Amino acid sequence: MIWRNPWAWLGLLTIAVPVLIHLLTRRTARVQRFPTLRFLGESAQIAARRLRLHDPLLLAVRILILVMATAALAQPYFDRPDRQSRGARTITRAIVVDTSASMQRATPAGRGAIEVARDSARTLAEAGAHTIVETTAPSQALAGAAAWLNTQPGAREVVVISDFQLGAVVEADVAALPADIGVQWKRIEVAPGVNQATTAVTRASIGNTVRVLAQTNAAVRAQATLNAAIAAGAPIKDDTTRRVAIVFPGFDAGNTQPVDRPWMGDLVARLPADSLLLRAARGTIDGSEQLLLFTRAEPGTLPGARFVSAVLDAYDTAPSGAERDPDVLADTTLARWSREASEAKRAALPDVSDGRWFWLLALLLIGVESWLRRKQPHAHAA
Amino acid sequence: MSALSPAVVAATRDLELAARLVVEGWRSGAHRSPFHGYNAEFQQHRPYRIGDDLKYLDWKILARTDRLYSRQFRETTSMSVMLVLDTSASMAFPEDATQLSKHRYATIIAAALAYLITSQGDAVGLITTVDDRLEYLPARGGRPHLRSLIARLDRLEAAGEWQPDRVIARAAELLDRRGVIIVVSDFYDAEDATRTELRRAARRGHDMAMLQVVSPEEVAFPFRGSLAFEDLESGTRQLVDAGAIAMAYRDNVSAFLKRCREHATTDGFDYALLSTDVPPEAALRAFLLRRGSR
């Protein structure tokens, strides 16, 4: 139960009134003229200054009347399950649909991830007022969604529908949302095997790992900058303990040493037999020690891309060293960032109160009080 | 026979009419005089005949001669009855005008008795107190005296206190012959002294009767809450929690009424408890029938 006007409970102080009335009734005791006092008994005489409750039941009923009236003024709200669902339908939502490249993939069921996300957004939108924002950068769209929700009355909520690739949303975005706005995350699962069809795969280290898909050799060649970096033997993993450089033909790697680090040998052993690896060595590039993998494949070609992909796979599955960064935000992270609609629901309550039931009880009690008073037929005879 | 309700009787302002209504209602059944014995004078003996009341059988002659003789009496003079009426303030209860007060009830009973006694040719008198002063009307017969007595009754008001022992003693003295003294009161005052005087009057040869008048509220005590009870006679007040003491009060009243009845029985007095919610006619009938069967 929620009390929308808890300050009204201060009204319980009025309970003192009937108590005092009961205690002080002695001073206004009605006079009953009677033939003789000899049978009344001395022991039953009320001491002149003694305070005593003479009708506790009547007092209790009067106190209950005040309690019920106070409770009604405190505007109670019964938080029943059916009301919770009813309340959820009245929440205004800003629905952010991620349409970034990662959402171009298919779901395990075979449907496009964006299509599934849009369907989900439409379903949510049917429940009440809403706005749907399609964006390739959900992180940036959150601020706009919050601004729109701030113009809406009642309960408000942001729903983000995405596969939640790393970087899609960061914690700072969630923290920037007003506290009375709920937050929901709806993950769209994509099929992991979709990359098997790719003909070229490259990765670049930009803080977090980003997978760039390319379907054709032309597309691979279009990644000129990236490929150039690879061709130049630039570090392709931001791992300070394990640095790997791929040395394409024609690149002078300088002085090299035999592979004598355990992780280097382990990684080399994980490369497939047909990986176009010429040799492996330990060398120094840009002042840091690296594993140099010499290949006969040319950069910007399909074999070159295959080799890079094979190296990255071997690198990522290597047991030693730092763990591989996750591709997507973990469910536990999303759960931590979620805010239940109940936070916003309190703001949605002002139009609803169950005080009427307490008023009804108070009226019934007034009837009982009246009946109790009438049960004293001769108390007013004097 | 229909009993007149207390409300009807209370509404009858004419006390003589009320008395007549009460008596005529009771008289509609055949009966013999409930007042007999002391005022009848022995006349002669005659042989016992089957059907004679054994009460008149002369047992001494039977013992001496082994013969059955009945005694015959001649009512030479009328019987004298003295009505002693309690007019203390306690008899004014209940004071609600819509209810029959004990005083009014006692007055009607007294008037009815006077009417009945007079109509039988006997003498009836009245003694009571007004402002601590004895109010006395000697026992006489006849309609004019009855009207005078009823008029006196009608003027009486329940006020102040009274000394029952003093009034009863005076009644016993003023009743020159052996007669009947009927005390109509609630018997709240001077319980022991009253009993003493009643017994003394009985020893003087008077036939004593106690008619104790109570109100139902005095017995049932239906009060609740904090009430300041004010004594109608002394004016003193006592603040009580009526609901809390109700049980003890009822016990006390029951014990008192039982004590009065037992004392009357022990001392050989006629006794009747008259509740103001019982029609006077019915109450009087019950009393007189009981007395007539003695």
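This note goes through a predicted model of a complex of chain A and chain B, point by point.

1. Confidence in the model. Because everything below rests on a prediction, in which local features need a pLDDT of at least 70, the scores come at the start. For the complex, the predictor gives an ipTM of 0.77 together with a pTM of 0.46. The mean pLDDT of chain B is 84, with 84% of its residues at 70 or more, while chain A averages 72, with 70% of its residues scoring at least 70.

2. Stretches of chain A to read with caution. Over residues 320–326 of chain A the pLDDT stays under 50, and the model has 14 contacts beyond four places in sequence for this stretch. Residues 377–382 of chain A likewise have a pLDDT that stays under 50, and for them, too, the model has 14 contacts beyond four places in sequence.

3. Overall make-up of the chains. Chain A has 382 residues, of which 29% are buried, and its secondary structure comes to 13 helices and 13 strands. In chain B, 43% of the 294 residues count as buried, and the chain contains ten helices and ten strands. Among contacts between residues at least 6 apart in sequence, 76% join residues at least 24 apart in chain A, and the figure for chain B is 76% as well.

4. The contact between the chains. The contact draws 29 residues from chain B and 24 residues from chain A. On the side of chain B that touches chain A, strand 8 (226–231), strand 9 (237–241) and helix 9 (242–267) each supply at least two residues, and helix 9 of chain B gives the largest share, seven residues.

5. Strand 2 (residues 30–34) of chain A runs parallel to strand 8 of chain B, and five bridges join the two. Within this pairing, A:Arg30 has B:Leu227 as its bridge partner in strand 8 of chain B, and A:Phe34 has B:Asp231 in that strand. The sheet is open and has three strands in the order 2(A)-8(B)-9(B), with mixed pairing. Strand 2 of chain A and strand 9 of chain B stand at the edges and have a single partner strand each, so one side of each is left without a neighbour in the sheet. From one strand to the next, the twist averages 35°. Helix 9 of chain B packs on this sheet, where it touches strand 8 and strand 9 of chain B, and its direction makes about 100° with that of strand 9 of chain B.

6. The largest nonpolar core. This core has 79 residues, and the members that touch the most others are B:Leu83, B:Val84 and B:Ala114. Helix 4 (residues 102–119) of chain B gives the most to the core, with twelve residues. Leaving aside neighbours within four places in sequence, B:Ala114 is in contact with B:Ala19, B:Leu83, B:Val124, B:Leu146, B:Leu149 and B:Ile150. Another core, of 28 residues, lies apart from this one, and its members include A:Leu149, A:Val159, A:Ala168 and A:Val190.

7. Strand 4 of chain A. Seven of the seven residues of strand 4 (residues 92–98) of chain A are buried, so this strand is largely enclosed by the rest of the structure. Both of its faces are covered, with A:Thr92, A:Ala94, A:Val96 and A:Asp98 buried on one side, and A:Arg93, A:Ile95 and A:Val97 buried on the other.

Note on methods
Residues are numbered from 1 along each chain as its sequence is written. Chains are lettered from A and ligands numbered from 1 in the order in which they are written. This is a predicted model: local features need pLDDT of at least 70, side-chain atom pairs count only at pLDDT 80 or more; totals for chains, interfaces and linings use all residues. A nonpolar core is a set of buried Ala, Val, Leu, Ile, Met, Phe, Trp, Tyr and Cys residues joined through C-beta atoms within 7 Å. A residue is buried if 20 or more other C-beta atoms lie within 10 Å of its own, exposed if 12 or fewer, and partly exposed in between; C-beta atoms are placed from the backbone. Helices (H or I, at least four residues) and strands (E, at least two) are DSSP runs, numbered from the N terminus. Two residues are in contact if their C-beta atoms, placed from the backbone, lie within 7 Å. Two strands pair if DSSP finds at least two bridges between them. Axes are lines fitted to C-alpha atoms, for helices over the stretch in contact, and angles run from 0 to 180 degrees between N-to-C directions. pLDDT is the predictor's confidence in each residue, from 0 to 100.
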